[in-house]
Amino acid sequence: LASLNHFGAFGPISRLVLRTIPASKPHQQPVISAYVTYAEEASTARAIQALNGKFVDGKRLRASFGSNKYCNSFIRGDACSNPRCSYLHQLSGNHECFWEKCGKK
């Protein structure tokens, strides 16, 4: 999915996480989500513009800007012991924050 044929066509990807939510009823299909973090915000905007509302294999894609979550260990000042942790372990830039003290130690 990170190749130039898919999400990578819009710019360099710094992180790609896939999540599958199983169907809760026999007649339903599982929901598959891809969380893509691009190295540049402009790449994110291009991907959203190109993909949001498009149909692939009869399924409508939804693409939007998201938010990042910090690892609880990082927030406590501890080292994260989960090698597969998908949360942030460093502060985001000030332009990405929703509160006054973000990005400041």
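Author: Start with confidence. Residues 100–105 fall below 50. Beyond near neighbours in sequence, that stretch has 9 contacts in the model, a contact being heavy atoms within 4.5 Å. Where pLDDT is low, the predicted coordinates should not be read in detail.

Two ground rules apply. Local features need pLDDT of at least 70 and side-chain atom pairs count only at pLDDT 80 or more, while totals for chains, interfaces and linings use all residues. Residues are numbered from 1 along each chain as its sequence is written, and side-chain values use heavy atoms, with hydrogens and water left out.

Now the cysteines. The whole structure has 0 disulfides, where a disulfide is a pair of cysteine sulfur atoms within 2.5 Å. Cys71 is in no disulfide. Its nearest cysteine sulfur belongs to Cys80, 3.8 Å away. Cys85 is in no disulfide either. For Cys85, the nearest cysteine sulfur is that of Cys71, at 3.9 Å. Cys71 has 5% relative accessibility, so this residue counts as buried (under 20% relative accessible area; exposed is over 50%, partly exposed in between; 1.4 Å probe, protein chains only).

Next, the aromatic rings. The structure holds 1 aromatic pair, which requires ring centres of Phe, Tyr or Trp (its six-membered ring) within 6.5 Å. The partners are Tyr70 and Phe74. Their ring centres lie 5.8 Å apart. Their planes meet at 20°, so the pair is stacked (planes under 30 degrees apart; over 60 is edge-to-face, the rest tilted). Tyr70 is buried, at 17% relative accessibility. Phe74 is partly exposed, at 26%.

Along the sequence the pattern reads β-β-α-β-β-α. Buried residues make up 17% of the 105 residues. Among contacts with a separation of 6 or more, 28% join residues 24 or more positions apart.

Ser33 sits in strand β2, residues 31–38. Ser33 is buried, at 19% relative accessibility. Leaving aside neighbours within four places in sequence, Ser33 contacts Val17, Leu18 and Arg19.

Conventions
pLDDT is the predictor's confidence in each residue, from 0 to 100. Helices (H or I, at least four residues) and strands (E, at least two) are DSSP runs, numbered from the N terminus.
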